[in-house]
Amino acid sequence: MRPAQAAAVPGRETDLEEFRRPLLAYCYRMLGSHHEAEDAVQETMIRAWRGLARLDGLGGLRAWMYKIATNVCLDTLGDRRGRALPMDLTTPAEASGELGVPLVESTWVQPIPTRLVAGDDPLERAVSSESIRLAFVAALQFLLPRQRAVLILRDVLCWRAAEVASLLDTSVDGVNSTLRRARAALAEARGADPARAGAEAVDPALLARYVDAFERFDVDRIVALLRYDAVVSMPPYAFWLHGRDAFRDFLRAGRVGCEYRRGVATEANGVPAVAMYGPSGQPSALHVLEWRAGRVATLHAYLDPALVPLFSP
């Protein structure tokens with residue numbers, strides 16, 4: 001049921017709904033989880049409905065909505081450790097090693113369907129795609145929550161320092177100081193890790209070859225599509241591999257079920273992805289792929305069947 005206050009301002013529900021997608025992208029960058037971001041946006045909308053009658057006109061609606069969303073995210077984050085990718089937690093494993101024990105869901109930066117957060121405008125989509133990449137979102141998790149908010153608002157969404165200062169109830173000098181620290185921490189977090197490098201668009205024919213190779217479980221064809229220095233991670237396990245030779249040996253050892261009956265091309269975090277289905281047609285895994293120079297540079301193989309339906313077309 002809509003709060004009683006909203007009934008006094010008919011027509012404004014459309015104005016609020018226009019913020020749902022950009023707020024989801026913002027909250028996802030803050031929280032590193034699609035489900036937590038959805039919950040944060042829903043809580044933002046509820047708070048907005050309750051206070052909408054007190055808003056004087058719609059001129060300040062954007063700032064007001066983002067202020068609510070920021071406070072919701074900061075409350076959600078508290079003092080907890082940020083989410084991560086396997087490369088953030090440990091060194092690369094040996095191909096003969098064991099996967100180990102799966103870690104809890106709250107450990108990981110989770111993927112998000114690109115369609116939920118990227119706009120239709122090509123320029124907006126390009127900017128959005130780069131800033132929702134898994135590596136970038138994971139690097140953001142190294143920042144303190146307020147640093148994270150300042151950096152996203154200033155460097156991703158291009159807000160003015162004065163606007164951010166008003167949103168966070170601080171000074172422009174305070175925003176600029178926080179931004180400098182956030183940029184330095186982000187640069188250190190990203191470092192020279194090959195998994196942090198930029199991705200590129202991929203020919204659909206190449207993606208089809210990747211899907212076909214896995215459906216046939218042709219290890220040689222799979223490995224031929226990877227760069228020599230490819231990074232392969234497998235959440236919810238901290239286990240990850242560096243180099244296509246290591247991945248080839250891992251696949252041949254059969255230490256994890258990678259035989260899929262069907263792969264469906266989709267998109268996650270601004271890059272190609274494949275929803276994989278097992279021999280009986282059941283959801284099996286989500287492969288998020290980042291390509292460079294026509295080869296897979298990073299493969300995030302989320303071995304979590306529960307993720308697959310969200311990404312199925």
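Two residues are taken to be in contact when heavy atoms of the one lie within 4.5 Å of heavy atoms of the other. With that meaning, and bearing in mind that the structure is a predicted model, Gln-110 touches Tyr-28, Gly-32, Ser-33, His-34, Arg-83, Glu-105, Leu-134, Tyr-302 and Leu-307, where residues up to four places away in sequence are not counted. Gln-110 is found in the loop between α5 (86-89) and α6 (114-117), and because its relative accessible area is 6%, under the 20% cut-off, it counts as buried.

**The chain as a whole**

The chain holds 15 helices and six strands, and buried residues make up 51% of its 313 residues. Among contacts between residues at least 6 apart in sequence, 67% join residues that are at least 24 apart.

**The sheet**

The six strands form an open sheet in the order β2-β1-β6-β5-β4-β3, and the pairing within this sheet is mixed. Its edge strands are β2 (240-242) and β3 (262-268), each of which pairs on one side only. Direction ignored, neighbouring strands of the sheet are turned by 20 degrees against each other on average. In general, strands of a sheet pair through backbone hydrogen bonds, either parallel or antiparallel. The table sets out pairings of this sheet with their sense and their bridges.

| Strands | Sense | Bridges |
|---|---|---|
| β1 and β2 | antiparallel | three bridges |
| β1 and β6 | parallel | four bridges |
| β5 and β6 | antiparallel | seven bridges |
| β3 and β4 | antiparallel | seven bridges |

Ser-233 stands opposite Trp-240 in β2, while Val-232 stands opposite Leu-299 in β6. On the side of β5 (residues 283-292), His-287 stands opposite Ala-301 in β6, and for Gly-263 the bridge partner in β4 is Met-276.

How many residues of β1 are buried? The strand is mostly covered, with six of its eight residues buried. The helix α14 lies across β1 (226-233), β2 and β6, and it runs at about 60 degrees to β1.

**Turns and loops around the strands**

A hairpin joins β1 to β2 through six residues, and Pro-236 is found in the loop between these two strands. Pro-235 and Pro-236 are joined by a cis peptide bond, with omega at about 15 degrees. The C-alpha atom of Pro-236 is separated by 9.9 Å from that of Gly-100, although the two residues are 136 residues apart along the chain. Gly-100 lies in the loop between α5 and α6, and since its relative accessible area is 49%, between the cut-offs of 20% and 50%, it is partly exposed.

A hairpin is also formed by β3 and β4, with two residues between them, and Asn-269 in its turn has a positive phi of about 55 degrees. Most residues other than glycine have a negative phi, and most peptide bonds are trans. Ala-293, in the loop between β5 and β6, likewise has a positive phi, near 55 degrees, and at 63% relative accessibility this residue counts as exposed. Phe-217 has a positive phi near 45 degrees and has its place in the loop between α12 (204-215) and α13 (219-224). At 23% relative accessibility, Phe-217 counts as partly exposed.

**The cavity**

The count comes to one cavity of 30 Å³ or more, and about 60 Å³ of space lies in the largest cavity. Which elements give two or more residues to the lining of the largest cavity? They are α14 (244-253) and β6 (295-302). The lining is made up of Val-232, Met-234, Phe-247, Phe-250, Val-256, Cys-258, Tyr-260, His-287, Leu-299, Ala-301 and Leu-303. By kind, these residues divide into 10 nonpolar, one polar and no charged.

Methods. Residues are numbered from 1 along each chain as its sequence is written. This is a predicted model: local features need pLDDT of at least 70, side-chain atom pairs count only at pLDDT 80 or more; totals for chains, interfaces and linings use all residues. Side-chain values use heavy atoms; hydrogens and water are left out. On a 1 Å grid over the protein atoms alone, a cavity is a set of points where a 1.4 Å probe fits but cannot get out, and a pocket is an open set with protein on both sides within 12 Å along at least five of seven lines; lining residues have an atom within 4 Å of a point. Grid points are joined across faces, edges and corners, and a volume is the space filled by probe spheres set on the points. Ala, Val, Leu, Ile, Met, Phe, Trp, Tyr, Cys and Pro count as nonpolar, Asp, Glu, Lys and Arg as charged, and the others, Gly among them, as polar. Buried means under 20% relative accessible area, exposed over 50%, partly exposed in between (1.4 Å probe, protein chains only). Two strands pair if DSSP finds at least two bridges between them. Axes are lines fitted to C-alpha atoms, for helices over the stretch in contact, and angles run from 0 to 180 degrees between N-to-C directions.
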